[in-house]
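Please find below a colleague's note on the model shown here. The points are numbered so that each may be answered separately.

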Amino acid sequence: MKLMVVDDEPIILNGIIRMIEKANTSFTEIVGASDGIDALHKLATFQPDLILTDIHMPEMDGLALIKEVQAQHFGNRFVIITGYDDFAYARQALRYQVVDYLLKPINKVELVGVLEKVEQTIRIEQRQMREHDLLMLKEHLLYDMPYEDMPLKPEQLHTLLPDPFMTILVFQPNEDTPMLTVERMKQMCNVLSEMQFRAYTFQSRFLRQTVLILNGMHVPSEAELQHACGDLVESGNTQNSGLAIGGSGRIMDIDSLRELYMEAVAAMLFNRHFENCSFSVYRKDAEPSGHELAPVQANNYLIAFEQIEKEMHSLHLHFPDCDHKIRLRELFLSLVSDHNQIVGTMPDFATHSKTTGQLLPFERRPEHSQPHTQAIDKIVSFVEQNYKLDLSLDVVADHVQMHPNYISMLFRKEMDLTFLHYLHTFRLAKAKQFMQDHPDWPINTIAELVGYENPRHFFKVFKKFENTTPGQYRLGSSSI
């Protein structure tokens, strides 16, 4: 973690820094500043998790520094250093979200205690932010939530996925086989973590899928994936376990994350129809050499057209957008075609489908002429009554007994916006009403009342949708 210490007395400044360094806290990157002006200059290139500042300094005192730091969004956590005579003055700092204070002369035990308390708060917020960002990523991948509609900035995604290569694995059991347990998912993540991969998992009971996202300095080899999956693939025949596994991986590209997931789904479908596969991998021609998933290994096995059609139809139910159905079909057929070239004895399914139309048929359905009023009303009513809760597309779908993709399709077709966009718009409308009716309420309290546990997340969403900050909006409302 990063820390800035601000004090105009060099002896005190250096003494505080040495205390922290010797205490072996989590604040390993420490920058000192001789006054408020110096601090602002250094904050342009150094973004600390906490700022520890003296109250009395020349040119710009501690409170003026805090106000300016907040205005420029350089930081939002502050601990002030004050003397006994300044105690009443220091209490004013609570209005500026100062989390604690230290009395001079600085006591090492008290200093370390304050830092540990702040560190715990930071870790809780970081976990909450990561869980939120993963939820956004899940809805983007599984339910095609448009990336530009999500309050998930590139730097947030980079925090989750900082390395250059991304891999997605999709695990889908047969109807009579249970989904992977949370314990088993954690076990896989621990093994992959030991191999220097960042690993995240999430599940969808609607899709009956477990999705494993890997980020690392290379795409994992088949041997690495087999080691992580353990007995799920050790038999060399996932059909026996009732589980189909598909994957795809390549260089990180934010704009193609959904495509990467679709490739993994197509590979999973391919795996389900080849009895001797450990798991199937989508191969992209442009994959850089040296960072490739191993080639698909499968014995010659004749697939009945009817069986493929049934399986593809069940997957199509999860993709209401016809373009996605076409794309999934294309990806699956490309895997079949590649396999034909390896085996050499199977019929060319891709060619067969073009000439006879017998493989994977589906029809484009006309646009709905009437809005699905009852369904929309049911969803909107649930959101209006529960907007204060931690709502996600899965949670809403579970309560209203509709498929998440169906909800996404309804909002796009009938309201010309995404569900997430609607949810944020509704919450922000409530927040603005609270600001007007209760101008003395803290922003953090209002954020929590409208469903945002993390005030920083509320600030980002408000700024994106309203093109102003909550504080600036309240000032503007009070002047009318």
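**Notes on the predicted model**

1. A salt bridge joins D54 and K104, with the closest N and O atoms 3.2 Å apart; the term denotes a side-chain nitrogen of Lys or Arg within 4 Å of a carboxyl oxygen of Asp or Glu. This pair links distant parts of the chain, 50 residues apart: D54 is in strand β3 (residues 50-54), and K104 is in the loop between β5 and α5 (108-143). Helices (H or I, at least four residues) and strands (E, at least two) are DSSP runs, numbered from the N terminus. D54 is buried at a relative accessible area of 3%, whereas K104 is partly exposed at 22%. Here buried means under 20% relative accessible area, exposed over 50%, and partly exposed in between (1.4 Å probe, protein chains only).

2. On provenance, this is a predicted model, in which local features need pLDDT of at least 70 and side-chain atom pairs count only at pLDDT 80 or more, while totals for chains, interfaces and linings use all residues. Residues are numbered from 1 along each chain as its sequence is written, and side-chain values use heavy atoms, with hydrogens and water left out.

3. The chain contains 19 helices and 10 strands. Of its 480 residues, 51% are buried. Among contacts (heavy atoms within 4.5 Å) with a separation of 6 or more, 70% are between residues 24 or more positions apart.

4. In helix α2 (residues 36-43), D38 and K42 lie four residues apart, about one turn of the helix, and their side chains meet at 3.3 Å, N to O. K42 is partly exposed, with a relative accessible area of 28%. In helix α5, R123 and E119 are likewise four residues apart, about one turn, and form a salt bridge at 3.2 Å, N to O. R123 is partly exposed at 41%, while E119 counts as buried at 16%.

5. Which side chain does the side chain of D100 meet in a polar contact? The partner is K117, at 2.6 Å. A polar contact is a pair of N or O atoms within 3.5 Å; within protein, one must be able to donate a hydrogen and the other to accept it, and residues adjacent in sequence count only if both atoms are side-chain atoms. D100 belongs to strand β5 (residues 98-103) and is counted as buried because its relative accessibility is 17%. Beyond its neighbours within four places in sequence, D100 is in contact with F78, V79, I80, V114 and K117.

6. The largest nonpolar core has 72 residues, of which I168, I379 and I407 touch the most other members. Helix α9 (residues 257-272) supplies the largest share of this core, 11 residues. Such a core is a set of buried Ala, Val, Leu, Ile, Met, Phe, Trp, Tyr and Cys residues joined through side-chain atoms within 4.5 Å. Not counting residues up to four places away in sequence, I407 touches I379, L393, V396, A397, V400, M402 and F419. In soluble globular proteins, nonpolar side chains tend to be buried together.

7. The largest pocket has a volume of about 2,200 Å³. Of its 48 lining residues, H73, G75, N76, R456 and F459 are the closest to its centre. Helix α5 gives the largest share of the lining, eight residues. On a 1 Å grid over the protein atoms alone, a pocket is an open set of points with protein on both sides within 12 Å along at least five of seven lines, a cavity is a set where a 1.4 Å probe fits but cannot get out, and lining residues have an atom within 4 Å of a point. Grid points are joined across faces, edges and corners, and a volume is the space filled by probe spheres set on the points.

8. One cavity of 30 Å³ or more is found. The largest cavity is lined by M166, R250, I251, M252, D253, S256, L257 and L260. The elements giving two or more residues to this lining are β9 (243-251) and α9.

9. Some backbone geometry deserves a check. The peptide bond from K104 to P105 is cis, with omega near -5°, and P105 is in the loop between β5 and α5. N24, although not a glycine, has a positive phi of about 55°; N24 is exposed at 69% relative accessible area. E59, also not a glycine, has a positive phi of about 70° and lies in the loop between β3 and α3. Most residues other than glycine have a negative phi, and most peptide bonds are trans.
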